[in-house]
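User: Could you walk me through how to read a few features of this model? I'd like the general idea and then the case at hand.
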Amino acid sequence: AQKLAELSQSLFAMDGKRPNQGYVAFNAWARRDWKGALEWAESDPKGSQWIGAAISALAVTDPAMAEDLLKERMMSGEISDGRGYNAMYTVAQAKARLGKDAFLAFIETLPSQQQSSMISSASRDLPEGELVAFLDELYQRKTGKSVNAWSYNSVLTELMRVDPAKAKAWIDKMEPGTERNNIEVGLVS
């Protein structure tokens with residue numbers, strides 16, 4: 001971890017002349033020592049962009065702690081939606097692997113502009129048996145405008161990929177009409 005830390009810091013000191021190598025080195029460092037990488041990122045004026053990468057590395061082994069760190073850093077303004085996107089995505093994936101309830105609880109804490117993106121991106125990490133229940137939950141929430149139609153369409157597309165019969169059964173439960181037609185057209189396209 002120490003050699004990776006030195007390599008990362010050396011590459012970053014080159015003022016962006018080797019950004020890909022710096023990124024690779026930092027991520028390797030963060031996977032071995034997320035805490036040291038995070039401390040460096042928070043202390044170095046040029047390192048703030050790497051806070052999210054350190055949190056992403058932690059999400060693989062401790063999603064709950066990564067979620068807490070992400071929330072703290074977003075609330076304090078240390079990372080914004082843009083810089084925190086990768087961390088959000090990695091935490092969303094880890095939460096999705098824990099099941100629909102953990103995933104929904106995490107999604108609800110995100111800024112509204114990120115919720116649909118995380119649902120679309122990380123729903124494929126839900127346990128296969130929970131996709132229908134997650135889709136039902138999203139569909140029920142759409143009337144409250146907290147989830148848009150695109151979100152549950154992307155989850156339905158994932159269900160169609162892994163179990164077309166269950167996706168067809170879910171669509172068949174809907175009343176005929178514009179909404180069902182829009183969903184079917186979305187799947188076809």
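User: Which residues in α3 meet which residues in α4?

Analyst: Happy to start there! This is a predicted model, so local features need pLDDT of at least 70 and side-chain atom pairs count only at pLDDT 80 or more, while totals for chains, interfaces and linings use all residues. Residues are numbered from 1 along each chain as its sequence is written, and side-chain values use heavy atoms, with hydrogens and water left out. Helices are DSSP runs of H or I with at least four residues, numbered from the N terminus, and contact means heavy atoms within 4.5 Å. Here, W34, A37, L38, A41 and E42 of α3 meet I51, A54, I55 and L58 of α4. That contact divides into eight nonpolar residues, no polar ones and one charged (Ala, Val, Leu, Ile, Met, Phe, Trp, Tyr, Cys and Pro count as nonpolar; Asp, Glu, Lys and Arg as charged; the others, Gly among them, as polar).

User: How are the axes of α3 and α4 arranged?

Analyst: Axes are lines fitted to C-alpha atoms, for helices over the stretch in contact, with angles from 0 to 180 degrees between N-to-C directions. For α3 (residues 34–43) and α4 (residues 51–61), the axes come within 8 Å and cross at roughly 165 degrees. The two helices are therefore roughly antiparallel (over 145 degrees). Their crossing is left-handed, meaning that the near helix is turned anticlockwise from the far one by less than a right angle.

User: How many salt bridges does the structure hold?

Analyst: A salt bridge is a side-chain nitrogen of Lys or Arg within 4 Å of a carboxyl oxygen of Asp or Glu. The structure holds twelve. One of them pairs R73 with E72, with the closest N and O atoms 2.8 Å apart. Another joins R97 and D125 at 3.9 Å, N to O. R97 lies in helix α6 (residues 81–98) and D125 in the loop between α8 and α9 (131–141), so this pair ties together parts 28 residues apart in sequence.

User: Which residues join D172 and R180 in one network?

Analyst: R180 and D172 meet in a salt bridge of 3.2 Å, N to O. Salt bridges that share partners join K168, D172, R180 and E184 into one network. Within it, R180 is buried at 16% relative accessibility, and D172 is partly exposed at 39%.

Technical notes. Parallel < 35°, antiparallel > 145°, perpendicular 65-115°, else oblique. Buried < 20%, exposed > 50% of the residue type's maximum accessible area, 1.4 Å probe, protein only.
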